[in-house]
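Here are my notes on the model, for you to read with the structure open.

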Amino acid sequence: MNTPVVFLIFNRPETTRKVFAEITKVKPAKLLVIADGPRSNCFWETEKCAETRSIIERVDWDCEVLTNYSEVNLGCKSRIASGLDWVFSIVEEAIILEDDCLPNETFFRFCEELLKRYRDDERIMSISGTNQRFDKLRTQDSYYFSRYNHIWGWATWRRSWQYYDSQMKLWPRIKEEGWLKDIFKEPRLVKFWERNFELAYAETWNTWDWQWLFACWVQSGLSILPRVNLISNIGFGENATTTMDTNSKLAQAAKLPVQPMNFPLQHPSFVIRDSQEDNRIPQLIARIKSKTKLTAE
């Protein structure tokens with residue numbers, strides 16, 4: 001496979017081995033690995049981080065391996081943001097997997113074909129491998145267009161990532177001038193997302209993905225979501241950084257089984273956001289992920 005693959009790792013050799021095994025099946029020509037350093041208050045983490053990094057040394061195919069390893073702990077937000085900045089200073093496009101996002105093998109071909117197809121279409125900001133809904137879509141197409149960019153296995157271009165800003169410097173203006181009302185017509189959705197973005201802007205959450213969603217919306221960008229789910233999140237448990245509760249609703253959603261994508265892909269004949277599917281996603285996010293509630297205020 002010619003498309004570069006980005007692998008985000010930390011301190012979990014068990015999940016890292018499983019995801020790495022799937023990467024070895026497609027043998028990418030370029031593998032870029034980002035790793036955070038051990039936390040100073042976790043005495044056991046130095047050994048675990050080293051063990052996790054040693055897995056990358058098992059690359060046994062013709063592959064350029066580039067590493068961006070931090071010797072100190074930067075935290076989820078800074079490590080992933082700075083790591084992806086490094087990635088897109090080197091390559092124009094990439095497929096991105098975290099150490100707990102276990103893909104179906106067809107995920108790689110799906111992303112590679114669509115990265116090429118939409119390379120110059122600036123309406124499209126990202127490609128996701130996750131579909132947390134198994135309802136029958138209204139078309140037989142292999143994917144659809146959404147305003148939501150799920151990041152459990154995804155792909156994007158340098159042209160899109162250039163808009164990422166971990167500090168969300170545009171947020172005060174977007175909020176003050178009421179621009180969320182131009183995205184959502186329902187006041188309850190405006191309030192819901194305003195609360196979430198305010199928490200991300202205030203750095204109440206040590207996360208990077210709300211900032212990525214914000215960057216895509218500021219550009220009126222669309223994401224591609226697959227017809228079938230191609231990613232299963234296997235990272236929930238006591239060794240996780242932020243997803244320790246295996247009984248949470250988010251954990252249950254993460255355990256969705258994967259299905260192979262059928263090829264050749266059936267491409268949509270038009271680029272129109274599927275608002276019917278999108279209207280269901282805020283309820284899902286509010287129920288399983290967000291720290292704010294989707295109310296009828």
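1. In which sense do strand S6 (residues 124–128) and S8 pair, and over how many bridges? S6 and S8 run antiparallel, with 3 bridges between them. Ile127 stands opposite Ala155 in S8. Strands are DSSP runs of E with at least two residues, helices are runs of H or I with at least four, and both are numbered from the N terminus; strands pair if DSSP finds at least two bridges between them.

2. A word on the basis of all this. The model is predicted, so local features need pLDDT of at least 70 and side-chain atom pairs count only at pLDDT 80 or more, while totals for chains, interfaces and linings use all residues. Residues are numbered from 1 along each chain as its sequence is written, and side-chain values use heavy atoms, with hydrogens and water left out.

3. Now the whole sheet. It is open and mixed, with 8 strands in the order S3-S2-S1-S4-S8-S6-S9-S7. Strand S3 (64–69) and S7 are the edge strands, each pairing on one side only. Neighbouring strands are turned by 25 degrees against each other on average, direction ignored. Helix H4 packs on this sheet, touching strand S1 (5–9), strand S4 (93–98), S6, S7, S8 and strand S9 (222–226), and its direction makes about 150 degrees with that of S4. Contact here means heavy atoms within 4.5 Å; axes are lines fitted to C-alpha atoms, for helices over the stretch in contact, with angles from 0 to 180 degrees between N-to-C directions.

4. H4 itself (residues 106–117) has 12 residues and spans 17 Å from its first C-alpha to its last, close to the 16 Å expected at 1.5 Å a residue; that expectation is 1.5 Å times one less than the number of residues. Among its buried residues are Phe107, Phe110, Cys111 and Leu114. Buried means under 20% relative accessible area, with exposed over 50% and partly exposed in between (1.4 Å probe, protein chains only).

5. Which residues have the most contacts inside the largest nonpolar core? That core has 61 residues, and the list includes Phe110, Ile127 and Ile224. A second, separate core of 21 residues includes Leu137, Phe197, Leu225 and Ile281. A nonpolar core is a set of buried Ala, Val, Leu, Ile, Met, Phe, Trp, Tyr and Cys residues joined through side-chain atoms within 4.5 Å.

6. Do look at Phe145 in strand S7. Its relative accessible area is 2%, so Phe145 is buried. Leaving out residues up to four places away in sequence, Phe145 touches Tyr118, Ile124, Ile224 and Phe270, among others. The C-alpha atoms of Phe145 and Glu277 are 9.4 Å apart, although 132 residues separate the two along the chain.

7. Finally, the aromatic rings: the whole structure has 25 pairs. Rings of Phe, Tyr and Trp (its six-membered ring) pair if their centres lie within 6.5 Å, and planes under 30 degrees apart count as stacked, over 60 as edge-to-face and the rest as tilted. Phe20 and Trp61 have ring centres 6.3 Å apart and planes at 35 degrees, so this pair is tilted. Both Phe20 and Trp61 are buried. For Phe197 and Trp217 the centres are 5.6 Å apart and the planes at 85 degrees, so the pair is edge-to-face. Phe197 lies in helix H7 (residues 187–201) and Trp217 in helix H8 (residues 209–218), 20 residues apart.
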